[in-house]
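Dear colleague,

Please find below the structure that I am handing over to you. My notes on the findings follow it.

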Amino acid sequence: MKRAEILQKAEELVNGDRHKDYGDALLNHERIADGWNCIVKGAMASHGYLTEGHVILMMDWVKSARLLNTIEHQDSWIDKCGYSCLGGEFTSKEEVKL
């Protein structure tokens, strides 16, 4: 795929269904930043750094922020389940490392 085709596809996605599904991009990213700031604050308090489990929480929050705009968006619900499974697995491995 050539760069012009990539840019055209990105433009179609940003101005097409994603806007409909996730709402205003600035508002969505403000919500994501709010959630991520909370997660980072908790990670710093409990571990002093971000772990894989914290990253899972952050990715899950991206899906939650999107669902605030379109709660019936099934793909985001499915992704949240996937992140939860990974988070459970990753954090159980963290306990073994300690």
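In these notes, a residue is buried when its relative accessible area is under 20%, exposed when that area is over 50%, and partly exposed in between, with a 1.4 Å probe and protein chains only. The model is predicted: local features need pLDDT of at least 70 and side-chain atom pairs count only at pLDDT 80 or more, whereas totals for chains, interfaces and linings use all residues. Residues are numbered from 1 along each chain as its sequence is written, and side-chain values use heavy atoms, with hydrogens and water left out.

I begin with the salt bridges (a side-chain nitrogen of Lys or Arg within 4 Å of a carboxyl oxygen of Asp or Glu). There are two of them in the structure. One joins Asp60 to Lys80, with 3.0 Å between the closest N and O atoms. This pair links distant parts of the chain, Asp60 being in helix H4 and Lys80 in helix H5 (residues 74-97), 20 residues apart. Helices here are DSSP runs of H or I with at least four residues, numbered from the N terminus. Asp60 is buried at 16% relative accessible area, and Lys80 is buried at 15%.

Asp79 forms a salt bridge with Lys63, and their closest N and O atoms are 2.7 Å apart. Asp79 belongs to helix H5 and Lys63 to helix H4, so this pair ties together parts that are 16 residues apart in sequence. Lys63 is buried, with a relative accessible area of 9%, while Asp79 is partly exposed at 25%.

Helix H3 (residues 25-46) has 22 residues and reaches 31 Å from its first C-alpha to its last. That is close to the 32 Å expected at 1.5 Å a residue, the expected span being 1.5 Å times one less than the number of residues. Asn28, Ile32, Gly35, Ile39 and Ala43 of H3 are buried. Their directions from the helix axis to the C-beta atoms fall within an arc of 85°, so the buried residues line one face of H3. The cover over them includes helix H2 (17-22) and helix H4 (52-67), where contact means heavy atoms within 4.5 Å. On the other side of H3, the exposed residues include Leu26, Asp34 and Lys41. Just after H3, Gly48 takes a positive phi of about 85°.

Finally, the count of disulfides (cysteine sulfur pairs within 2.5 Å) is zero. Cys81 is in no disulfide, and the nearest cysteine sulfur, that of Cys85, lies 6.8 Å away.

Yours sincerely

How values were computed: Helices (H or I, at least four residues) and strands (E, at least two) are DSSP runs, numbered from the N terminus.
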